[in-house]
Each structure stands twice: as C-alpha cells, then as structure tokens.
Amino acid sequence: MIKVSSKKNKYTYNVYHLVKAFFPNEEIIQNVDEKQESLVALNLPGGSCFSIALEEVEAAAGDLSEMETEEAKEQAIKKELTRLLYRYLEQQTRTTLAWGTLTGVRPTKLAMTKLEQYESMTEAEAVRRTVGAFRDEFFVSEEKAQLACEIAVREKKLLSKLDYKDGFSLYVGIPFCPSRCLYCSFTSYPIGIYAEKAKTYIDTLCKELAYVAEQYKHKRLVAIYIGGGTPTSISH
C-alpha cells in the first residue's frame with residue numbers, strides 16, 4: 001500500500017497517476033491536508049519516503065517572478081513538482097516511463113503547440129526542437145517524442161486544408177456509455193440506467209442539428225466528430 005498526502009487538491013491527479021504508473025499493482029490511498037507543510041508527501045513499500053516543500057519546488061523551477069498570472073505560476077509549480085516526483089520514483093524503482101511525466105493529456109496536442117512556436121523554422125528544425133523539449137521538459141523517450149511529432153505534423157497538414165473562413169466543424173455529443181469508467185472526467189452516463197432518457201436526448205439532438213443546419217447553411221461543413229461518451233452504446 002502507498003499513502004499519498006497533498007497540500008492542495010490540484011496536485012492529486014498528477015501524483016496519483018504518476019505513482020500508479022510506477023507501481024501498477026499497489027493500492028494507493030490519497031488524502032488532502034491543507035495544514036501540512038509539504039506540498040506532497042508519500043510513503044512507498046519498503047519504507048522509502050518522499051516529501052517536498054514549496055520552497056524546494058520553486059528553487060528547482062527557477063525564476064517565477066515573470067509569470068503573468070498566479071494561475072501560470074501555480075501551473076509552473078505543479079509541473080516542476082511532477083518532474084521532481086518522477087525523478088524520485090525513477091530512482092527508487094530503477095525504471096523509466098516511455099511517456100515520462102505525461103498523464104491525462106494528448107501528447108500530440110503538446111507537440112502541436114510546440115511546433116507552432118517554431119513556425120518560422122524549417123519543419124525538420126521545428127521537429128528537432130520539439131523532440132528535445134519533450135525529452136527535457138517531460139522526460140519522454142526519444143521514440144515516443146518522435147512519434148508524437150510525427151502525428152502532430154500530419155495533423156497540422158490536414159488542419160491547414162480546412163476552410164476556417166467559410167467552413168465549420170461539427171461536434172455531436174453522445175453522453176452515454178456501456179458503463180461509467182472510474183477515471184473518466186467527461187459528462188457521460190451508463191446506458192443501462194439512462195436508456196429511456198437517451199431516446200429523449202437523441203430526439204432533442206436531432207432538433208438541434210436541424211437548427212444548426214439552418215443557421216449555418218451559408219457555410220460549408222468540413223468535418224464531423226461524434227463522441228463524448230460511447231456513440232455505439234445507443235441503439236435509437
């Protein structure tokens with residue numbers, strides 16, 4: 001059993017999933033204690049302990065005084081906290097994770113953001129810098145960093161063909177699933193319990209689609225995405 005205590009709730013997600021990635025078979029108990037001095041403290045099997053204070057994280061993160069908002073500063077602290085915890089777990093287990101500190105995020109989204117920062121460069125140089133950033137910032141393996149960049153480059157080329165001025169993309173949300181996954185943060189409901197409501201929802205959705213079609217008839221539909229829950233869970 002692994003016990004984890006965080007000073008703020010905002011740290012619990014990253015900490016839990018990072019620890020779980022290193023110890024997939026261990027039970028993890030979490031709690032939030034706003035009165036504790038350390039940002040995060042945990043006890044590993046065998047007696048090893050990890051505890052880190054805000055001052056230590058800020059020192060590792062570097063100069064945070066130029067952050068434009070408190071939220072940006074908090075995000076920087078959370079990111080550095082995750083990096084420090086990763087290094088500790090890596091040392092304790094003598095293993096590495098292919099995706100490094102990345103948890104609960106689409107790697108290609110990060111890769112796309114990085115590539116856009118280097119738009120003035122050649123594609124090869126932009127990819128090289130992005131791969132380097134993945135390794136240095138998130139401890140991602142070379143292979144996975146290259147993969148994320150490869151997919152992001154493909155997505156970028158496809159997106160460049162979209163008609164942003166006279167076209168539009170349509171998202172159709174289906175908030176029902178065969179069962180509710182414990183880790184899921186999306187708005188979704190088990191179809192077995194909400195089957196009757198699903199029919200009403202679909203009828204209303206069709207009316208909304210008809211309204212959208214009328215309102216946007218002067219524009220061209222370029223893409224449709226159906227998701228939200230599990231679209232195939234409904235039979236209406």
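User: What is the relative accessible area of Tyr201?

Analyst: The relative accessible area of Tyr201 is 29%, so the residue is partly exposed; that class lies between buried (under 20%) and exposed (over 50%), with a 1.4 Å probe and protein chains only. The model is predicted, so local features need pLDDT of at least 70 and side-chain atom pairs pLDDT 80 or more, while totals for chains, interfaces and linings use all residues. Residues are numbered from 1 along each chain as its sequence is written, and side-chain values use heavy atoms, without hydrogens or water.

User: How is an aromatic pair described, and which residue pairs with Tyr201?

Analyst: A pair of aromatic rings is described by the distance of the centres and the angle of the planes. Rings of Phe, Tyr and Trp (its six-membered ring) pair when their centres lie within 6.5 Å; planes under 30 degrees apart are stacked, over 60 edge-to-face, the rest tilted. The structure holds 8 aromatic pairs. In one of them, the rings of Phe50 and Tyr88 have centres 4.9 Å apart and planes at 40 degrees, so this pair is tilted. Phe50 belongs to strand β4 (residues 49-52) and Tyr88 to helix α3, so the pair ties together parts 38 residues apart in sequence. Both Phe50 and Tyr88 are buried. Tyr201 pairs with Phe176 in an edge-to-face arrangement, at 5.6 Å centre to centre and 80 degrees between the planes. This pair also links distant parts of the chain, with Phe176 in strand β6 (residues 176-177) and Tyr201 in helix α7 (residues 191-215), 25 residues apart. Helices (H or I, at least four residues) and strands (E, at least two) are DSSP runs, numbered from the N terminus. Phe176 has 4% relative accessibility and therefore counts as buried.

User: Which residues form an aromatic cluster?

Analyst: Phe22, Tyr86 and Phe139 form one aromatic cluster. Phe139 sits in the loop between α5 (123-138) and α6 (142-159). The relative accessible area of Phe139 is 12%, so this residue is buried.

User: With which residues is Lys7 in contact, leaving aside its neighbours within four places in sequence?

Analyst: Contact denotes heavy atoms within 4.5 Å. Beyond those neighbours, Lys7 is in contact with Val32, Asp33, Glu34, Lys35, Gln36, Glu37, Ser38 and Leu39. The side chain of Lys7 also reaches the backbone oxygen of Gln36 at 2.6 Å. Lys7 itself is in the loop between β1 (2-6) and α1; with a relative accessible area of 22%, it is partly exposed. The C-alpha atoms of Lys7 and Gly100 are separated by 23 Å, the two residues being 93 apart along the chain.

User: What lies 2.7 Å from a polar atom of the side chain of Thr12?

Analyst: The backbone oxygen of Asn9 lies at that distance of 2.7 Å from the Thr12 side chain. Thr12 is in helix α1 (residues 12-22). Its relative accessible area is 15%, so Thr12 is buried. Apart from neighbours within four places in sequence, Thr12 is in contact with Ser6, Gln30 and Val32.

Note on methods. A polar contact is a pair of N or O atoms within 3.5 Å; within protein, one must be able to donate a hydrogen and the other to accept it, and residues adjacent in sequence count only if both atoms are side-chain atoms.
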